[in-house]
Amino acid sequence: MLNAAVIGCGHIGKLHANAFAQCENVRLCALIDTDPERAGAAAEQFGAKAYASIDEVPEQIDIVSVATPGFAHYSVVMDLLERGIDVLCEKPLTLGVEEAREIEKKCRETGRRIGVGFKMRYEEVFLKAKELMPQLGRIYAVSEVKSQPHPLAGNRTWMSKSGCMHELAVHDYDLIEWLMGADAKSVYALLDYSYGWETENGARLTVEYENGAHGMLLSEYCSGEGVVGGYDCAMTFIGENGYMRIERPNRIVLHTTSHQVIDVTPVPDSEAFARQTKTFVDSILNGNPFAADVKRGVWATVFVEAAHRSAKEEKKVYVKDI
Ligand SMILES: NC(=O)c1ccc[n+]([C@@H]2O[C@H](COP(=O)([O-])OP(=O)(O)OC[C@H]3O[C@@H](n4cnc5c(N)ncnc54)[C@H](O)[C@@H]3O)[C@@H](O)[C@H]2O)c1
């Protein structure tokens, strides 16, 4: 039995708490947030205790989900690793490359494990796409379009510091590499700063992958006042045998030797988070690898940094040079 805690009890932290509550081998002990109201509300909802800091928790904690904003991940995660705790950290692992690499080093020193919250890997439409992917043969090209409404309201103003790539598109960058089994080699980026945020609100990337495929990846927040629509997430892979278009959350078009439209029944977000947490917990208990490990978290941060550098220097940047 593992004693668990969640740090950061906002929207996503509660999904992590719910996921721990469903794990047979886990006892959810502590809901931790610097905002006592949020910690208290989550503790009441999940029948655990509320705390402002892990220092106050009386139990020995074995595993923690970190769902604070991205800028806070580094200090929270380093502290947990030093305490000998395994961590499931929300994406992005960190906003900075040096911090990400220090976390990886700390994992090596302490022998503790990090899982990174790329929960879209557990959504039904992408699991189905992963199964179908080999039918395309060698992949030549991929396109991705992602948009989401983003009212900068309440305490969510921190999101304008993380930006569109770390906050929104990083899931898709991870999914493309996971689906193809090939990492990005270089990136040329045009970033959109038209909303006046501290960092980009949109990103248009041209990517070369190690398998020779080329990607055109577009992502953008829609932040017009009162906007409620604007959700889109679709990717198309073109291979030697045809193409596959994935339309999140529920449809795949596969056109190879025949034309198939595959309807997929999506699972609720809570189920995708539960699958992710269960897989991470099992990997800790059984000593098995967890696919979205610290290396993948570092890689995603390095890739976004390569895109930032490319936009700044107005040239293609090789990921290995970061
Ligand atoms: N996997 C996904 O699909 C997905 C979706 C949205 C957001 N996220 C990620 O989840 C994380 C949280 O996002 P959110 O939308 O729940 O944010 P949120 O603002 O709703 O909640 C964050 C919470 O963290 C608390 N907090 C901040 N600093 C803290 C600290 N040092 N210690 C303890 N608590 C602290 C805040 O008080 C707040 O309650 C971010 O990293 C975000 O990128 C993931």
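This report describes strands, helices and their packing in a predicted model.

## Basis of the description

Residue numbers start from 1 along each chain as its sequence is written. The model is predicted: local features need pLDDT of at least 70, side-chain atom pairs count only at pLDDT 80 or more, and totals for chains, interfaces and linings use all residues. Helices (H or I, at least four residues) and strands (E, at least two) are DSSP runs, numbered from the N terminus.

## Strand β2 and its parallel neighbours

Strand β2 (residues 26–32) is largely enclosed by the rest of the structure, because six of its seven residues are buried. A residue counts as buried if 20 or more other C-beta atoms, placed from the backbone, lie within 10 Å of its own. Strand β1 (residues 2–7) runs parallel to β2 and is joined to β2 by six bridges; strands count as paired if DSSP finds at least two bridges between them. Within this pair, Ala5 is opposite Ala30 of β2. Between β1 and β2 the chain passes through helix α1 (residues 11–21) in a right-handed β-α-β crossover, that is, a path running clockwise from the first strand over the helix to the second, with the strands pointing away from the viewer.

Strand β3 (residues 49–51) also pairs with β2 in the parallel sense, over three bridges. Here Ala30 is opposite Lys49 of β3.

## Helix α1

Nine of the eleven residues of α1 are buried, so this helix is largely enclosed by the rest of the structure. Among the buried residues are Ile12, Leu15, His16 and Phe20. The buried residues of α1 pack against β1, β2, α2, β4 (63–66), β5 (86–90) and α7 (269–286), where contact requires C-beta atoms, placed from the backbone, within 7 Å.

## The nine-stranded sheet

An open sheet with mixed pairing has nine strands in the order β14-β13-β12-β11-β7-β10-β9-β8-β15. The edge strands β14 (259–263) and β15 (317–318) each have a single partner strand, so one side of each is left without a neighbour in the sheet. Strands β7 (residues 139–149) and β11 (residues 232–239) run antiparallel and are joined by eight bridges; Val142 has Phe237 in β11 as its bridge partner.

Helix α6 (residues 159–180) packs on this sheet, touching β7, β8 (184–192), β9 (202–209), β10 (214–222) and β11, and its direction makes about 150 degrees with that of β10. Angles run from 0 to 180 degrees between N-to-C directions, with axes fitted to C-alpha atoms, for helices over the stretch in contact. Helix α8 (residues 294–313) lies across β8, β9 and β15, at about 55 degrees to β8.

Definitions and conventions. Buried ≥ 20, exposed ≤ 12 C-beta atoms within 10 Å, placed from the backbone. Contact = placed C-beta atoms within 7 Å.
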